[in-house]
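Student: Could you give me a close look at how helices pack in this model? Please keep it chatty.

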Amino acid sequence: MLVTDSKELLPIFIAGERRLGRGDESATLYPATGEVVARLRAPSAADVAEAIVAADHAFRTSGWAQRKPHERAAVLHRVAALIRGRAEPLAQRQRLDNGKPISETRNLVASAAATFQFFAAALETMEETITPSRGDFMTMSVYEPMGVVAAITPWNSPIASEAQKLAPALAAGNAVIVKPAEVTPLMALELAAICEEAGVPRGIVSVLPGRGSVIGDAITKHPLVKRVSFTGGTSTGKHIARIAADKMMPVSLELGGKSATMVLEDADLDHAVNGVLYGIFSSSGESCIAGSRLFVARKLYAAFMERLAAKAAALRVGDPADERTQMGPLITGKHRDSIEGYVKLGLSEGGKLLAGGRRPEGMLYDRGNYYLPTILEGLRNSDQVVQQEIFGPVLVAMPFDTEEDLLAQANDSIYALAAGIWTRDYKKAWRIGRAVQAGTVWINTYKQFSISTPFGGWRDSGLGREKGRLGIQQYMEQKSLYWGLNDAPLPWAN
Ligand code: NAD
């Protein structure tokens, strides 16, 4: 691990060196208590430029891009093994960095290791193709690394988000500038140290924490940065897309959501109640795919909501270090204020509270950014609190009458990231699963992930896909090669 003493300033990874940034000093706080976990100094504008120029130099001179796929894959396998070897300290550090319960941070660390393993395998088996020839030439489709690419990540699932970008970008042979969220820089720094230890050449991975509007913006605008993979809010994503348009730079944007969960009349109720609960309240609802709009068949509605509200009220909200905790604190006090504002807005729009709607009280709770699992009903799909992303533990529930009515409401959102369907009728699941507009649809399950399956959103939920075997090609330029196969003169040649 890099450092444990919160008084020491943490070095960051600039231009192949571990050193202090020359920008503002900032501290990361444990959301459960407000205690300082680590302090660091962000990079200055000059540090950002230096890191990018050095990354470009490392890309051109370190030989990383020229290594054979199986050689780069071996390094990525070592990264996976190193993550697994220090899984527990990493999970504990991630808990301190962002306040998620330890049971969740252990899963995130495991998923980061699995991501490196998957992309190592994908790289080693990735094929370039000979395409059907239409003349006296052979045609091939090949892929080249891009150079310096940037990975900009949010605070809600640090190590997993960073691994999802870093692993395919490195597999592709690029140099990577990682820009973690200002409030959660620690996992990116740990990953960079692990990459170096595993044999990634110095300077190929840089980590530049700090304010998005300063550091993230400077990275995105830099002419040597050839691609940005961004996960975060929709307005930031649109801002990055505008810069990308000017530079003619490819981007992938994993953005916000307001996902619909649909409980049909014939659903297995125990399963559906638990699934809906997990879908919205795990990670304290600080999840892009949180199932935050709930539609329940009118016939079931009252009974279903009664069970759901009772279970929500019984969720174990508490100390993230406790193995039994289901919901930890929110990331910052400011974020909790924003969630409280949304609940007030919902009440002013005619909503009624079925659960939560307030901060829990008592010793433990008074120090951290806690908020109770909250359910609102009595609202229309068009209300602001039903349309806007809250990114917290707030569920809005509405009854529906017909399949047509359900689909019209579920699809009536600027977002289209994910959806959930709970039904025993596979034909209905098929119909609705195909008709609902979303990048991912879960049927009789929710918030399950597989690195082998592409992920991304439609509309304001984003552009492009991450994960899956083709995830590596996202970080490469495609090139077509034509090999002339006969000596007959071309037209005009004689
Ligand atoms: P955010 O957009 O504020 O920040 C995300 C990252 O972008 C941070 O590293 C931030 O510093 C950086 N950033 C901010 N302004 C920037 C700029 N002008 N230029 C470049 N970088 C900039 O989002 P957040 O508050 O950290 O995260 C919450 C949001 O992320 C939610 O909307 C959530 O839905 C979304 N999210 C989406 C996914 C997904 O896969 N679709 C996953 C997790 C979170």
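Tutor: Angles under 35 degrees count as roughly parallel, over 145 as roughly antiparallel, 65 to 115 as roughly perpendicular and the rest as oblique. This is a predicted model, where local features need pLDDT of at least 70, side-chain atom pairs count only at pLDDT 80 or more, and totals for chains, interfaces and linings use all residues. Numbering starts from 1 along each chain as its sequence is written, and side-chain values use heavy atoms, with hydrogens and water left out.

Start with helix H4 (residues 102-125) and helix H5 (residues 158-171): their axes (lines fitted to C-alpha atoms over the stretch in contact, with angles from 0 to 180 degrees between N-to-C directions) sit 9 Å apart, at an angle of about 15°. So H4 and H5 run roughly parallel to each other. Their crossing is right-handed (the near helix is turned clockwise from the far one by less than a right angle). On the H4 side, the residues in contact (heavy atoms within 4.5 Å) include Leu108, Phe116, Phe119 and Leu123, and their partners in H5 include Ile159, Leu166, Pro168 and Leu170. By class, this contact has 14 nonpolar, three polar and no charged residues.

Now look at helix H7 (residues 212-221) and helix H8 (residues 234-247), whose axes come within 9 Å and cross at roughly 25°. That makes H7 roughly parallel to H8, and this crossing is right-handed. Asp217, Thr220 and Lys221 in H7 meet His239, Ile240, Ile243 and Lys247 in H8. Here the classes come out as two nonpolar, two polar and three charged residues.

Technical notes: Helix = DSSP H or I, 4+ residues; strand = E, 2+ residues; numbered from the N terminus. Nonpolar A, V, L, I, M, F, W, Y, C, P; charged D, E, K, R; others polar.
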